[in-house]
Amino acid sequence: MDVSLTLWVLTIVGLGALIAVDFFIGRKPHDVSIKEAGIWTIVWIVLAALFGLGLLIWGGGQAGGEFFAGYITEKSLSVDNLFVFVLIMAKFAVPSQYQQRVLLVGVLIALVLRAIFIAAGAAILASFSWVFYLFGAFLIWTAWKLIQEARADQDEEEFEENKLLKAAERRFGVADRYHGTKLWIEQNGKRVMTPMLVVMLAIGTTDVLFALDSIPAIFGLTQDPYIVFTANAFALMGLRQLYFLIGGLLRKLVHLSYGLSIILGFIGVKLVLHALHESGVHVPEISIPVSLGVICSVLVVTTITSLRASRKQAQAGAAAGRGEDPVKDNIDV
C-alpha cells in the first residue's frame, strides 16, 4: 500500500483517541466484571473488523486479507501472553481493582516498543531480502520449542524479573506497598517507584520477548509496515479486556501451544518459500487466502480439542474425588 504521511498521522491520532476513551472510562480503579470485559472485547473486535473492511474497500483485497490474517495471528499469539500476565499479577500481588490500570499502561508501553521493532524490521527487510531466511528459520525453531515445552508438561512456573527491571529497581528503589495508582512516592526523603510502576514496566518489557516471534510472524504474512503496525495495535489494545474475560478459561486451553506452534511453523515455511522466490528460485508461494484459512482452521481445531481435553480431565478428577475408577467407568459405558 502507498500510505501517505497524512494517513499515518490520522491513524495514530485515531488510535490515540480510542486509547484515551478507554482510559477515561476505566480511570476509576474497580474490579472488572465479565459483562464489562465482554462488551469492550466485542467493541475492540468490531473496530478491528471495520478497519479491516476499510482496507478491503480502499486498499484492495490483498491489503484487507493481509490485515485480517495478521490481526488474527497477533490476537492468537497475544492470548499466550495472558498466561505470563497472570504470573506477573500473582508475583507482585496486584490488588484486583488496580489490575486494569496496570494492563492499560503496560500494553501502551508494549505498543510503543513494538512500533520501534516494526520500524526496524521494515527497514532491515527493505535493505536485505535474505533476512527472510533468518525470520523463517527462527519461526520454525520457535514452533519446535513450543512443542517441546508443551510436551514437557512442566509444573506451575513463576515469573522471573528481567535484567532491565532489576536494574531499575536497584537504581530508584521500590516502596514496600501499593499507594493507590501512584507511580512515584517520597520515602525517607528519597523519590522511589511504587510496586504499581514496577508491574507496569514488567508487563511492557516482558512483551518485548513475545514480539521476537510475533513481529517476524506477521512480516511473514505482509511486508507492509502500515498493516503490520495497525494489526499489532488492534490486537494489543483489546488485550486488557480479554485478560478479564477469559482469565478463568486460560487453563482450559491446554492445546494452545500446539496450535501456535503449527501457525508459527506454517508462517516460517511461508517465509522461506518467499525468500527463495525473491532469490529467483521457482517455488510455489502461499497466498493470503490460504494462510488465513490455515490460521483460522488451526485455532478452531485447537480450541475444540482443548475444551474436550479439559472436560475429560475435570470428569476424571471428579470421579477420583468420589473414589471411582474413571477408566473402568468408561469401559463399562
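Here is a short chat about aromatic pairs, a helix and a hairpin in a predicted model.

Reader: Before we start, what kind of model is this?

Author: It's a predicted model, where local features need pLDDT of at least 70, side-chain atom pairs count only at pLDDT 80 or more, and totals for chains, interfaces and linings use all residues. Residues are numbered from 1 along each chain as its sequence is written, and side-chain values use heavy atoms, with hydrogens and water left out.

Reader: OK, how many aromatic pairs does the structure hold?

Author: Eleven. Rings of Phe, Tyr and Trp (its six-membered ring) pair if their centres lie within 6.5 Å; planes under 30 degrees apart are stacked, over 60 edge-to-face, and the rest tilted.

Reader: So why is the pair of Phe51 and Tyr226 tilted?

Author: Their ring centres are 6.2 Å apart and the planes sit at 40 degrees, so that pair counts as tilted. Phe51 lies in helix α2 (residues 34-58) and Tyr226 in helix α8 (residues 225-237), so the pair ties together parts 175 residues apart in sequence. Helices here are DSSP runs of H or I with at least four residues, strands are runs of E with at least two, and both are numbered from the N terminus.

Reader: Are Phe51 and Tyr226 buried or exposed?

Author: Both are buried, meaning under 20% relative accessible area; exposed is over 50%, and partly exposed is in between (1.4 Å probe, protein chains only).

Reader: And which aromatic cluster is Phe51 in?

Author: One formed by Trp8, Phe51, Phe67, Phe68, Tyr71, Tyr226, Phe229 and Phe234.

Reader: Back to α8. How many of its residues are buried?

Author: Twelve of its 13, so α8 is mostly covered. Among the buried ones are Phe229, Asn232 and Met237.

Reader: What span should α8 have?

Author: At 1.5 Å a residue, its 13 residues should span 18 Å, and the end C-alpha atoms are 18 Å apart, which agrees. The expected span is 1.5 Å times one less than the number of residues.

Reader: New topic: how do strands β1 and β2 pair?

Author: β1 (residues 184-187) and β2 (residues 190-193) pair in the antiparallel sense over four bridges; pairing takes at least two bridges found by DSSP. Gln187 stands opposite Lys190 in β2.

Reader: What's in the turn of that hairpin?

Author: Two residues lie between β1 and β2, and Asn188 in the turn has a positive phi of about 55 degrees.
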